[in-house]
Amino acid sequence: MKAETFLPWIPLFPFIGFLINGLLYLVSHSKMGDKDAPKGSHGHGEGHDSHGHDAASHDGHDSHGGGHGHGGHVDIPFKAVHSLVGPIASGLSCLFSLLAILAWWQETGGHHEIVVKLWTWVPAGENLTWFGAKTLEFDVAFRIDPLTALMIGFVSFIGTLIHVYSVGYMGHDEGYGRFFAYLNLFMFSMLVLVLGANLGILFVGWEGVGLCSYLLIGYYYQKDFAADAGKKAFVMNRIGDVGFILGLFACTAMFGTIDFTKMFEAAAKDPGTYAAGGAVTAACIALFIGACGKSAQIPLYVWLPDAMAGPTPVSALIHAATMVTAGVYMVARCNVLFRISHEWAVKTLGENASVFAMLTHDASYVVAVVGGVTAFFAATIGLAQTDIKKVLAYSTVSQLGYMFLGCGSLAFGAGMFHVFTHAWFKACLFLGSGSVIHALSGEQEMTRMGGLKNLVPHTYRTMFISTLAIAGVPFLSGFFSKDAILAETFINGHPILWALAVLTAGLTAFYMFRLVKMTFYGEFRGTKEELAHVHESPATMTIPLWILAGGAIVAGYLGIPKFILGKENAWEKFLEPIFPPLAAGWMPEPHHASHALEWGLMMTSVVVAGIGIALGWAFYSGAYPFATPGKIAGALPGLYRWVRNKYFVDEAYEWLFVDRLIKKFGRFLWEVDARFVDGAVNGSRHLTVGGAHVSSWFDKVFVDGAVNGVANVLQTAWRGHRSLQSGQTQGYALAMTFGIFGLVCIYLILS
Amino acid sequence: MSGLLSLLIFTPLVGAIVLLFVPKEKSAVLQWATTFFSGVTFVLSLPLWFHQGFRQNGDFYFREDIDWIPSLGARYSLGVDGIAALLILLTTLLTFISVYCSFTAIQKREKEYYIFLLLLEVGMIGVFCALDFFLFYVFWEVMLVPMYFLIGVWGGPRKLYAAIKFFLYTLFGSVIMLLGIIALYFVNTTGFLWWQGLGNSPTFDILHYHQIASQLPADLQIWLFWAFFLGFAIKVPMFPFHTWLPDAHVEAPTAGSVILAGVLLKMGTYGFVRFSMPMFPDGIQSSATFLGLTTIGWVVLLSIVGIIYGSMVAMVQPDMKKLVAYSSVAHLGFVMLGLFALNNAGVQGGILQMINHGLSTGGLFLLVGIVYERRHTRMIADYGGLSHQMPIYATLFMIILLASIGLPLLNGFIGEFTILVGAFIVNWRWAAWAALGIVLGAAYMLWLYQRVFFGEIKHEENKELQDVNLREILTLAPLIVLCFWIGLYPKPFFEMTAKSTEKIVAANVAAKARAEAPRMATAAPKAAPAGAVAATEAPRGN
């Protein structure tokens, strides 16, 4: 079978799963029916109320476990169907991804892409673009190439694991079917995103994952904070999407197409034309704004920590492993444009340009700076959070920053490598935290945890492995990918960002070990009843954890750098086809680093990570409240307050954009609308009616007055003549005679 | 198949006459008779979709042409191209749905109500079919009367104010347009004011005026454009002529709102497509400015202001219907922006967005009507937590809402996307400003959804709410199917309008060349390269 036969099925299976789960959920939960039916006849009435009550009592947290008390309200046969349909739909798409990758490999040897055009989507006719008249046509088309193969492979695999995990984790939830429907829809969208053969289809998936993210963050919609967080995520993403879509339009205007193959071919062949005047740079920056939204970078990162309001499997799948890396994927996908933008900046500005000049000319520079700063900034916030999922959320923002730092240093392969390894260990960490939360019946505060090491051994061990991986401990996956990014950053001319990133690595190691210590070591800080309740999660949850932990160990071995092994980096070699060479004079000069430098860089980051681990371990040993961190917080109360409150960025945004710009300004405009715009209309009405009254008065007094006046005058004047009408014939004859005489006289005179 | 259009126009009229003879207390007979006649009209309109001519060229088909008032040159002349055909299909579908959704909503004076609904359909189809200015104007005004009564009799508490405002405001615009028509009529024959006549025999034939467009002096075209503009812009409605809309929507019964949003607003945009753009291309493309902006500049400015302003005001509305009404102002701003990008992408997108807006906003009004019937309030604050109580309703609402905010794979996206592509190519700033509307659209719609559907049920009354019944699902089903169809495979819709669009665009491209010719001539030495560079440099030069 050929790869193109398999490709459309990859997203289709989850979509079918979505339809089945969604319709079943609606059928089983609706109280539809004829209006005469007595209310609550379906037997769900009580369930709703008690769930509502229950949810309220867990305000402020992912209310997992809130449903323990009334699990019996879920119809068992429906539940069994949902448990099967969800994971199977995802599993089938995993299987077909594998088949597609194999078939593609067989057909092309991995050297070039295979594109399947399914149908013409938007035929927009012939239009005058920036470079002449072109027929614009947007297709529904999928492609497979190294980058896509990589993405569909791990997205569908990790996705399936998380589906299986959810069977256990969400087992007691009332909206079980709804959850799986959304999760399947997410898989569909994410796979469309990575399979899309043009920016338009990528955008379909892009918006689709945004929608699912919205639905799943707001999954516990009865609670305001969850609904708020969902909306915030969607709107923040939409701000980014405006950037994305403007970038997409810029590509349309430049190339007359948004098909990846055609676009990049044209650009690579003639970079000078498209780069002139900064057109490519503008397009890249616009696209990157989109990436900032989706991948939670400064200034659009604030939605991701709030997104933790969703169920934990969602945090693992969407807000750690897959969706949030879509921005990195997109930047890597458009690497040709970013490389051109960089070269153009170098060409126009020369080597020693100021930072400001580079930021306005070189899109990849912007990516690197935003990525590096976000990585550091988010890591500092992570230091002082006590909600286990919030720590992981800020850690995710920080790690995404790393990925962008890699891409911005034109090391797209390294960036994608970190996407890949991060997916394993961060998914494992989130699912592990979910397992802890599950064990504690919904508790998320690390200040109320501790000493769980032996109570949830599988969770502890897998999380520990993943923590080592994210901290950059040698020979685990995170070490290889993070080191690749750090080395490339330094070699490609960003020493300051490199220093920042190394520091961030230290911070990461610190706050991750802080998390492990606070959760699993020391004394349990919750109540006795809670402690009695603690239990290890079922196998549906621990098996995925172990598989992910295994990935966290071995994933890094796909990309062992050349200077260690002497052999070519397998990862880079695999991805090579997605970096087509640019026209002569536009390829950057390769920066070669000596082996000594590469070893030195690696050692530096290992040492810094080691310091971070040691400090984290030392600070959070002993009983709570931990003495050393407490002292530091006491010594620097102002700084602590800022960090603890995430630098008040949320509050500032809320005040400026939501309160002032949207609500106040919206109200103001409404006032304007009512008073002035509509006021003008009503004013003209009053004017008209007023004018009518004046007219009416004028009519009565003058016009009709004139008529009546004439009548009156005549009446008065002629009153005297009434006596003439006496009825006496003689008088009339006399008058007639006089009259005739007079007329004859006039006639004689005139003639 | 000539005679089809007359059949379409007069079937509802026959229906209205038949209803006259039905006793007014036989409510089921009235309902089903109206359903029957509007259903027949819908079925009769289907051949328009399958007619291949629209897809091959931009000509007018289904022509009928009979002498009507010979002394004036007015004829009973009908004919449609792909654009009009699509809008007629939208009209017949939405009317059918409106009838079906009124069964329980309308309890008083049913007989008159259904008669007016059918008469309204007569006017609407007539407007889209007419190829004679005189006939067009008659239908244009005929349409106002039944809508006036629909709002004024079956409306909410401020129905009289709203109905009169609606009637007078639109009439005002129409009269100015009528002056434009008369001026055009005289220029075509003997001359008007200081503009010389063309010496043709008197006619109201719209196609004739399409042909003589290039013979009319540009300054006359500018005046005529603005005369027509007022008539159409009020109908659209464009900022700042929109204030009749929220009032009319809020007071109108559900069916009235659906038709008002779905079809009546399209009369305005259709007017631009059918009359202003092909008839006054030199006026549109003229380089003459007023306060620093050209004709296009002004229209685009008002469109963009409409998008952002409409969205901002929608954000803070406490009343669901008013919110949707203001969102219409924003959506129609998109349509106008697309039309006045005056390239294939923009105009095609604008036309498709007319259909999309009819589907999604029509759907939103139907949805608001569903809860209004149950709770008799449209205030957002009176709801909350409905998701739990009415899951199917919540799902349907979500789908229509997503269509409205332009989520890919649904219809709204295709329209907005194509419009913005067209606008971006002409001037990227237009697209950038308009794109703000996308963010705001998501914000106000999701906020609405959150307040109505999420959270706990706060009001005791809402705990008794029934989910949608089968009839309500059936009224929404065709809209949802179409939303997905256009979102997934809009090609057949684009094909309907592509050829007519090309003609309009070609007329404008030619006019633009004419407008630029004198300037080119004066700057002859450097003109040629400058022109070529201008096309490439202009969009990103600054």
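Residues are numbered from 1 along each chain as its sequence is written, with chains lettered from A and ligands numbered from 1 in the order in which they are written. Because the model is predicted, local features need pLDDT of at least 70 and side-chain atom pairs count only at pLDDT 80 or more, whereas totals for chains, interfaces and linings use all residues.

The interface joins 59 residues of chain A to 61 residues of chain B, two residues being in contact if their C-beta atoms, placed from the backbone, lie within 7 Å. Secondary-structure elements are DSSP runs numbered from the N terminus, namely helices (H or I, at least four residues) and strands (E, at least two). On the side of chain A that touches chain B, at least two residues each are supplied by helices H2 (9-29), H3 (45-57), H7 (199-217), H8 (224-255), H11 (279-294) and H30 (649-719) and by strand S1 (114-129) of chain A. The largest share of this side, 13 residues, comes from H8(A). Its residues comprise 31 nonpolar, 15 polar and 13 charged; Ala, Val, Leu, Ile, Met, Phe, Trp, Tyr, Cys and Pro count as nonpolar, Asp, Glu, Lys and Arg as charged, and the others, Gly among them, as polar.

For chain A, the domain assignment gives domain 1 (235-578 + 591-644) and domain 2 (652-713), with bounds that come from an automatic or database domain assignment. The C-alpha centres of these two domains of chain A lie 60 Å apart. Strand S1(A) pairs with strand S2 (residues 132-144) of chain A in the antiparallel sense over 13 bridges, pairing requiring that DSSP finds at least two bridges between two strands. S1(A) and S2(A) form a hairpin with two residues between them. Lys117(A) stands opposite Ala141(A) in S2(A), and the bridge partner of Trp119(A) in S2(A) is Val140(A).

In chain B, the axes of helix H7 (residues 159-188) and helix H9 (residues 218-235) come within 7 Å and cross at roughly 155°. Axes are lines fitted to C-alpha atoms, for helices over the stretch in contact, and angles run from 0 to 180 degrees between N-to-C directions. H7(B) and H9(B) are therefore roughly antiparallel (under 35 degrees counts as roughly parallel, over 145 as roughly antiparallel, 65 to 115 as roughly perpendicular and the rest as oblique). H7(B) passes H9(B) in a left-handed crossing (the near helix is turned anticlockwise from the far one by less than a right angle; clockwise is right-handed). The residues of this contact of H7(B) with H9(B) include Gly173(B), Met177(B) and Leu184(B) in H7(B), and Leu224(B), Phe228(B) and Gly231(B) in H9(B). They divide into 13 nonpolar, five polar and one charged.

The axes of helix H10 (residues 244-251) and helix H14 (residues 320-339) of chain B come within 9 Å and cross at roughly 140°, which makes H10(B) oblique to H14(B). This crossing of H10(B) and H14(B) is right-handed.

Most residues other than glycine have a negative phi, and most peptide bonds are trans. The bond from Ile298(A) to Pro299(A) is cis, with omega near 5°, and Pro299(A) lies in the loop between H11 and helix H12 (303-306) of chain A. The bond from Phe239(B) to Pro240(B) is also cis, with omega near 0°; Pro240(B) lies in the loop between H9 and H10 of chain B. Ser441(A), not a glycine, has a positive phi of about 55°.
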